[in-house]
Amino acid sequence: MLYNSTQNNEKVVTSAQAIAQGISEDGGLFVPQSFPQFSIDDIKNMLSISYQDRAKAVFKCYLTDFTDDEIADCVNKAYTAEKFEGENPAPLKSLEFNSKELNILELWHGPTCAFKDMALQILPHLLTKSLKKTADGIKAVILVATSGDTGKAALEGFKDVENTQIIVFYPENGVSAMQKHQMNTQQGENVYVCAIKGNFDDAQTGVKTIFTDPVNSEILAQHGMMFSSANSINWGRLLPQIVYYVSAYCDMVNMNKIELGDKINIVVPTGNFGNILAAYYAFKMGVPVNKFICASNSNNVLTDFINTGVYDKNRDFYTTISPSMDILVSSNLERLLYNLSDNDDKLVSDLMNKLKTDGVYEVPAVLKEKIKSDFYGGFCDEVSTKATIKDLFEQERYLCDTHTSVAISVYDNYVETTGDKTPAVIASTASPYKFSKSVLEAFDTSKMPENEFDMVDMLLELSDTKVPTPISELKGMTARFNNVTEKDTMKQAVLSALGIN
């Protein structure tokens, strides 16, 4: 299995190179040249095996330059019962809401209580093995832009990993208080955290600019270092996410929600498009899917794109109660455009250049029809997000966070609008305790506490649900990092963190 750049088909790398490098020199993203196929019989054989063994089966198809033992070592170290509160790190919970069945794929039982753990607990193991294959002795500098969850999950995954240094940038006023506290209290000798004066798109653009500047790469090379990424632009981040959609389909069969071979819908609260793209890749491998329901908050650039074929980031940016979705430039959409255009690297390159220069592009009509055939785009505002949290809890005594609520609200509207009753898997991306204030605001609380951890206690009392251990352990921890930089001085912040003058 080899990988191409979305913007240059002549750029061909192995999986180890794709993971170690993170992004192509031309600015394109690495994608597999083909998708391995799982037959219905193959899926049938996966019904009786563990999540870990399902992961090994998927990885083996894509990481052909890794041995079976190397893959097993990565999986066994990443997905332990200790880290994920049980043998299955991605359990499926079945509920009923507004007379509709919800199959909630809980992806937040890991060390940072967010779905990013599913990929970022295994990425450091994949990366260190990739470096030994491609650049032995070189130190990897992991640059991360985060809208909240990726940052902490990456920091936790890479802390004290040999031959790595991780630097995380987040928007100063664009993450929850709990997310900020999680990042700024991070332990580890090889970690660095810095806020930027700007939004997530500014952070993401800054990181990508630093990445693709050959001058910066040369400076690092002189010090025995190279850039890599833990964002979903890195293939090693996206690949593990495919696994939980394959596994969820198997669990749907085992729970008698569907018959083997039946189609499902997949609903994902979406910002950077990586999570829903992983679901699409599972479909490309043979998982039967009817529709991908892309759920957005008030930053509904993806909803408009799916419905019109026009991607326009020239719009108001909203800071919402679902901050991990507060994104106007969805990086992984580039990969979908490449796949749906039959690997047309020139078209993708032209579209990405238009996005850079004009902030807008429109895809050809044939591509627009392909997108609308597979995807449905919907969004909900803050009022609907809070109302869904409250209504779901009152109906089912199930507490969800502000991102999962967006997905449930959009799905509810989708069924009402289309009448499509295909059984659905809904990705639940974070613990409600990561967003205690916003979740509490969905209920009639007489007085909101000022302290974040008092809010956690109030939410616990109200809901009688379990506070995740990683959240409760944060109480009383002192911040190690209080750095803030302008978006134009991110490069200097990186070099300073690395001790390079």
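Guide: Gladly. Keep in mind that this is a predicted model. Let us begin with a pair of helices, described by an angle and a distance between axes. Helix α8 (residues 149-158) packs with helix α9 (residues 177-184) at an angle of about 25°, and their axes are 9 Å apart.

Visitor: How are α8 and α9 oriented to each other, roughly parallel or roughly antiparallel?

Guide: Angles under 35 degrees count as roughly parallel, and therefore α8 and α9 are roughly parallel to each other. Their crossing is left-handed.

Visitor: Which residues meet where α8 and α9 pack?

Guide: From α8 come Asp149, Gly151, Lys152 and Leu155, and they meet Gln179, Gln182 and Met183 of α9. The general idea is that an α-helix has 3.6 residues a turn, so residues three or four places apart point the same way.

Visitor: Gln182 is in that list. What does the side chain of Lys434 join in a polar contact?

Guide: The side chain of Gln182, at 3.0 Å. Lys434 sits in the loop between β15 (424-428) and α20 (436-441).

Visitor: Is Lys434 buried or exposed?

Guide: The cut-off for buried is under 20% relative accessible area. Lys434 has 0%, so it counts as buried. Beyond its neighbours within four places in sequence, Lys434 is in contact with Asp149, Gln179 and Gln182, among others, and also with residues including Thr112, Cys113, Glu452 and Ile471. Asp149, Gln179 and Gln182 also take part in the meeting of α8 and α9.

Visitor: Now a second pair. At what angle do helix α3 (residues 51-62) and α12 cross?

Guide: At roughly 130°, with axes that come within 9 Å. That makes α3 oblique to α12. The crossing here is right-handed.

Visitor: Which residues of α3 meet α12?

Guide: Tyr51, Arg54, Ala55, Val58, Phe59 and Tyr62 do. On the α12 side, their partners include Trp235, Leu239, Val243, Val246, Cys250 and Asn254.

Visitor: How many residues does α12 have, and how far does it reach?

Guide: To read a helix's length, compare its span with the expected one. Helix α12 (residues 235-254) has 20 residues and reaches 30 Å from first C-alpha to last, close to the 28 Å expected at 1.5 Å a residue. As for burial, 19 of the 20 residues in α12 are buried, which leaves the helix mostly covered.

Visitor: What should I look for at the ends of α12?

Guide: Look at side chains that reach backbone atoms, and at backbone angles. At the start of α12, Asn234 brings a side-chain oxygen to within 2.7 Å of the backbone nitrogen of Gly236. Just after α12, Asn256 has a positive phi of about 60°.

Visitor: Which residue with a positive phi follows α14?

Guide: Gly309, with phi near 80°. Within α14 (301-308), the buried residues are Val301, Leu302, Thr303, Phe305 and Ile306. These buried residues pack against several elements, including β11, β12 (310-312), α15 (333-340) and α17 (365-374).

Visitor: Where does Asn297 lie?

Guide: Asn297 lies in the loop between β11 (289-296) and α14. This residue is buried, with a relative accessible area of 0%. Its side chain reaches the backbone nitrogen of Asn299 at 2.9 Å and makes a polar contact of 3.0 Å with the side chain of Thr320. Not counting residues up to four places away, Asn297 touches Thr320, Ser322, Met325, Asp326, Phe379, Cys380 and Val406.

Visitor: What joins the side chain of Asn300 to Arg315?

Guide: A polar contact of 3.3 Å. Asn300 is in the loop between β11 and α14, and it is buried at 13% relative accessible area. Leaving aside neighbours within four places in sequence, the contacts of Asn300 are Arg315 and Phe379.

Methods. Residues are numbered from 1 along each chain as its sequence is written. This is a predicted model: local features need pLDDT of at least 70, side-chain atom pairs count only at pLDDT 80 or more; totals for chains, interfaces and linings use all residues. Side-chain values use heavy atoms; hydrogens and water are left out. Helices (H or I, at least four residues) and strands (E, at least two) are DSSP runs, numbered from the N terminus. The expected span of a helix is 1.5 Å times one less than its number of residues. Buried means under 20% relative accessible area, exposed over 50%, partly exposed in between (1.4 Å probe, protein chains only). A polar contact is a pair of N or O atoms within 3.5 Å; within protein, one must be able to donate a hydrogen and the other to accept it, and residues adjacent in sequence count only if both atoms are side-chain atoms. Axes are lines fitted to C-alpha atoms, for helices over the stretch in contact, and angles run from 0 to 180 degrees between N-to-C directions. Angles under 35 degrees count as roughly parallel, over 145 as roughly antiparallel, 65 to 115 as roughly perpendicular and the rest as oblique. A crossing is left-handed if the near helix is turned anticlockwise from the far one by less than a right angle, and right-handed if clockwise. Contact means heavy atoms within 4.5 Å.
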